[in-house]
Amino acid sequence: MTPIITVSDVALEYATKQGPVRALDGTSAEIHPGEIIGVVGESGSGKSSLGLAIAGLLPPNARWLSGEVLIDGQDVRSLDDAARRRFRRRQCGFIFQNAMSALDPTMRLHKQFRYALNGRGDDGSVAELAASVGLPTDKAVLRRYPHELSGGMAQRAMIAKAIAARPKIVVADEPTASLDAAMRTQVLELLVSLRSDLGLTCVLLSHDLGLVLRYCDRIAVMYSGRVVEYGTPELVLSRPAHPYTNALLRAAPGREAPGQRVQPIPGMQTAVRERSERCAFVDRCQRAEERCATVRPDPRLVDDRQVLCHFAEQEVSSVS
Amino acid sequence: MSDGRAPRPVADDAGTVRLDSVSFAYGRGGLFARRGADVVRDVSLAVAKGETIGLVGESGSGKTTIGRLALGVNPPTRGQVLFEGVPLERQRRQLRGRFQVVLQHPEWSLNPRLRVGTSVAEPLTVGKVGTRTERHEKVGALLELVGLHESLAQRYPHELSGGQQQRVAIARALITQPDFIVFDEAVSALDVSVQAQTLNLIKTLQEAEGFAALFISHDMAAVRYVSDSVAVMMAGEIVESSPVQTFYGSPNHPYSRLLVDSIVSSGESLTGSPRGGTHATAALGADQEKRPLGDTPEAGAARHHL
Amino acid sequence: MAPRLSSVGSIGMVIGRRALSGFVTLLGVSVLIFVAIHLTPGSYEQVVLGPRATPEARAQLAVQYGLDDPLPVQYGKWLGQAAQGDLGISLITQAPVLDEFVRRMPVTLELAIMALVIAFIFGVPLALVSGLAGGRRAARHGTRVVGALAMSVPDFVLACILVYLFSRSQWFFTVGDFAPLGEDPVANFRAMFLPALTLSVFGIALIARTGRDAVQAVTQALYVTAAVAAGESRWQIIRRHILRNAAIPVLTVTATFAGYILGGAVIVETLYGIPGVGLYVFNGISSRDYTVVQAGVLLAAAIFIAINILTDVLYGVLDPRIGSRRARG
């Protein structure tokens, strides 16, 4: 199977007042059609940048340093303005975290849907679109303004807009972070069902490991602009091969036994300014040796997943 | 205490904040003021000295209102809020500085134009407690207590990381040696590892200082981690209130079970998972809100695509 | 979630409520003017009969006009007449004040509308261009300097300059050759353009500046980012999202500007010799024609209140969040 999204060794930086900040430092990933891939990482890990790069939405202060993102074999960067707009309109939907503010507050829902259907939508197709995301199809609801929707409904409306033009890819940036547990489940199950109905490929940016485990086919753990571990969530989260994945699991509450303490990751993630010639995690890693500080690890296949660590074998075997 | 319903102050009540059948509705104001629907309905809750009660529930379920009622910010429409057996409104003056709150965004409680040290000392300065030097020493001691270097007192909030800011906010809340602290989504905006530090800090400080705490969050995993017992709210009512062990096992109320299910606990296997098929699971629900898009360098970018 | 109320019903209620409170305000204003005018030195009798009139003549006049009644009684009478549409008789011309207002109103209205239109024609594109230019420094500073200049030049200074330039030259626009719109539209336009332009300069600056800030704020809104992500083109985004959302703050300053026109019309009509309400009131002030001044102020207050009600209604139309909040509250 050929991948629908190929991210190969992408490095990019943002020009800021304090000088360039590297958001992606050699990020690679292949995503196959119909997959839901969960990208996890803390702020500064580069997961948002990866999402924006795939969706062709990078801000103008972003500077592409190397690598490429191929969607269906086509380099997103090579598109001219009109082609890029066409790509955004037809091929790639984007779901924002805060649906309520991503919907125009002065426009009724049905009109927003109509525009999302590229203006061709009649009442029937608008209702059909609403139904496809589980929104009520009666006129009274579709005539509402965004502020008259609940958080869950707003997120469904956002998803409806993103899939209206039947894109092949949807990038969802923390689509459920502002929702409560019940809504979260509903929205994610909607995404899963859309995947099988429409054959969507979904890139889900999230910090929630439990959610990724439950709903994603593959997980990409990012740290300091690199994908440090990439594989099925069952494997990666039960037997991490990268010390960072392991540290993340130990830091998050949820798995601990009563009375047991979670373990913060020592140190802080530091901003990268140029291509790092060492392991990204070396300063905070308990397993770090001299080699980690001098040799940048290459992606390797260890225990059925891709990992960026010189000592991945030891890490895997240390977890019983 | 003439109505005979209010509990008499007893030794057990030392340091205890008690909500006694409390209801609350927002008034509409005006001459023919109509009351809105109850935001909180007939809630009873006691937070004892040295104990943390976790309060979970979906957004809009009334969690934050409970916090405000417990702090005495809003008076209840019906029922009473008592501290050590005495209604709050009868001891307003004595309680100054003894109740504190830590909010989701530290920037809400830290003045961006004041040095961190000044902000931390503020509750003392306002209450005219101690001399300048004493206050200064106290700030240093507290920053150290929350794991920050004393020299940070000279910095401004924007020079600190989000986690450091939240520690400062906690130090500020602790400086009056309060009897009761409300943590309202206090770790929700933090990254996993900073969240872990902060949660541990809260646990450690409580063991040392012995304050009563109300920990409000929509994050079941975090609530379960810090709390001694957990109250689950739904539509303004507490639908389950149990010792935390119950939430490591299986809680009674269906909504509580849904919440616990949202934390995928280790070793369990998920049958009939939405992805189809069965697979072994091991993991967790680190469930914290990312900051709004506007805060990241890549944010808001798209305007320039116009 | 608020069930949608019928928007007609809710807007009707808002207008009703605002009109009621406006009426009370108007009543208050009328008391204030009445008292203020009776406290100013120089009485009716002096104005009408001159300083050398005999006491008998004065007394006779006082009885004729009811000036010997206590002030509250006088006010009551005046109010009763005003309620019936009788605003009194000009002390100088002895013509009914209301008739004069009605006759002159269209001219002032035309002037105000022209000023508003000019302000929008120039202000809105300026706002859009500078707002969308965003970070570009030249555009940013350019609009700021021009805006500050335009807002700080008093209209009488501008009027004087324009009057000076155009009264000495033969450039299309004229000064002082007013012709009614109904008789000679072209001559009317030639005479009205300069005064309207003078009035509009403040509005152009106000709209451009507020609009620019509003456009900048809206372009940074997440829904605009979402529109970009949905592949909408630049013009689609401006048309569908930016114009309407940015219009909300612009509407606020437009109401301010309309109030400004009200006052500015007095000066501008006088300087350009436009026979509108403003000129009439100005003459009333300079000749101590109290009935005219009194009626003029009352009229200005009424118009101002009406503008505010209209603005409120437009808010509800433009920003659905306000509409429903009102209907609920």
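**Note on the predicted model: chain A sheet, chain C patch**

1. Strand β1 (residues 5-16) and strand β4 (residues 62-71), both of chain A, pair in the antiparallel sense, with eight bridges between them. One residue pair to look at here is S8(A), whose bridge partner in β4(A) is E68(A). The coordinates are those of a predicted model.

2. β1 and β4 belong to an open sheet of four strands in chain A, with the order β2-β1-β4-β5 and antiparallel pairing. The edges are β2 (19-31) and β5 (74-75) of chain A, each of which pairs on one side only.

3. Chain C carries a nonpolar surface patch of about 910 Å². Its members include L149(C), F156(C), Y164(C), W171(C) and L271(C). Two elements of chain C give two or more residues to the patch: α7 (155-167) and α10 (234-272). The most comes from α7(C), with five residues.

4. V157(C) is also in the patch. This residue lies in helix α7 of chain C. Is V157(C) buried, partly exposed or exposed? V157(C) counts as partly exposed because its relative accessible area is 31%, which falls between the limits of 20% and 50%.

5. Confidence next. The model has ipTM 0.87 and pTM 0.78. In chain C the mean pLDDT is 83, and 90% of residues reach 70 or more. Residues 1-7 of chain C have pLDDT below 50; this stretch has eleven contacts in the model beyond near neighbours in sequence. Where pLDDT is low, predicted coordinates should not be read in detail.

6. Among the elements of chain C, helix α9 (residues 222-229) has the highest mean pLDDT, 93. Helix α13 (residues 320-328) of chain C has the lowest, 60.

Definitions and conventions:
Residues are numbered from 1 along each chain as its sequence is written. Chains are lettered from A and ligands numbered from 1 in the order in which they are written. This is a predicted model: local features need pLDDT of at least 70, side-chain atom pairs count only at pLDDT 80 or more; totals for chains, interfaces and linings use all residues. Side-chain values use heavy atoms; hydrogens and water are left out. Two strands pair if DSSP finds at least two bridges between them. Patches are made of residues with over 30% relative accessible area and no salt bridge: like charges are joined within 9 Å, nonpolar side chains (Val, Leu, Ile, Met, Phe, Trp, Tyr) within 5 Å. Accessible areas come from the Shrake-Rupley method with a 1.4 Å probe; for residues, only the protein chains shown count as cover. A salt bridge is a side-chain nitrogen of Lys or Arg within 4 Å of a carboxyl oxygen of Asp or Glu. Buried means under 20% relative accessible area, exposed over 50%, partly exposed in between (1.4 Å probe, protein chains only). pLDDT is the predictor's confidence in each residue, from 0 to 100. Contact means heavy atoms within 4.5 Å.
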